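The following exercises are intended for a reader who meets this structure for the first time. Please work through each task before reading its solution.

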Amino acid sequence: MIDIGIKIKPLYTSILNNKGYGLSADIGFDKKTNYPFSYGFCIKDIISFYNWDTGKNYAFYPRLSTSGSYILKDHSVYTEVSISSNFKSLSDSYIYKAGYENKINNRVSIRIGYSSNKSFSFGAG
């Protein structure tokens, strides 16, 4: 079975006295293969705009992302590779991410992740 989804993201930012409003949309699909693997593809920011009250207007470059996951009982490993359509900046043209989740019980999981933009994340929930 293939799951298809559309995400619409309203955007709002306030810096000092300036405000920015915008909207962005993603479209993607996810395919669960033989358990425990799944993979997906997504076009992020396929449509986007961002308008500031200063008169500046911006748009985000679309990104093509592919992801995969491996789930075994209480342990999950996630990966994602994302390629930008902005080829002017090769250093920002791709991002990779990896994450791990350990389910402690039916209500609580611990998560850790890393992104190639040198960010680490840790959480529980």
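Two exercises follow, each with a worked solution; the model is a predicted one.

**Exercise 1. Determine which elements make up the protein chain, and whether the chain is compact or spread out relative to the globule rule.**

Solution.
- Step 1. The protein chain contains nine strands and zero helices.
- Step 2. Read from the N terminus, its elements run β-β-β-β-β-β-β-β-β.
- Step 3. For 125 residues the globule rule gives 14 Å, whereas the radius of gyration of the protein chain is 17 Å, well over that value; the chain is therefore more spread out than a compact globule.
- Step 4. The C-alpha trace spans about 50 × 30 × 30 Å along its principal axes.
- Step 5. Of the 125 residues, 22% count as buried.

**Exercise 2. Classify the ring pairs Tyr-12 with Tyr-21 and Phe-37 with Tyr-70.**

Solution.
- Step 1. A pair of aromatic rings is described by the distance of the centres and the angle of the planes.
- Step 2. The whole structure holds eight aromatic pairs. In one of them, Tyr-12 and Tyr-21 lie 5.2 Å centre to centre with 50° between the planes, a tilted pair.
- Step 3. Tyr-12 is partly exposed, at a relative accessible area of 47%, and Tyr-21 is partly exposed at 47%.
- Step 4. The ring centres of Phe-37 and Tyr-70 are 5.0 Å apart and their planes stand at 50°, so this pair is tilted.
- Step 5. Because Phe-37 belongs to strand E3 (residues 37-52) and Tyr-70 to strand E5 (residues 63-72), the pair ties together parts that are 33 residues apart in sequence.
- Step 6. Phe-37 is partly exposed, with a relative accessible area of 47%; Tyr-70 is partly exposed at 33%.

Technical notes. Residues are numbered from 1 along each chain as its sequence is written. This is a predicted model: local features need pLDDT of at least 70, side-chain atom pairs count only at pLDDT 80 or more; totals for chains, interfaces and linings use all residues. Side-chain values use heavy atoms; hydrogens and water are left out. Helices (H or I, at least four residues) and strands (E, at least two) are DSSP runs, numbered from the N terminus. The radius of gyration is taken over C-alpha atoms; the globule rule is 2.2 Å times the number of residues to the power 0.38. Buried means under 20% relative accessible area, exposed over 50%, partly exposed in between (1.4 Å probe, protein chains only). Rings of Phe, Tyr and Trp (its six-membered ring) pair if their centres lie within 6.5 Å; planes under 30 degrees apart count as stacked, over 60 as edge-to-face and the rest as tilted.
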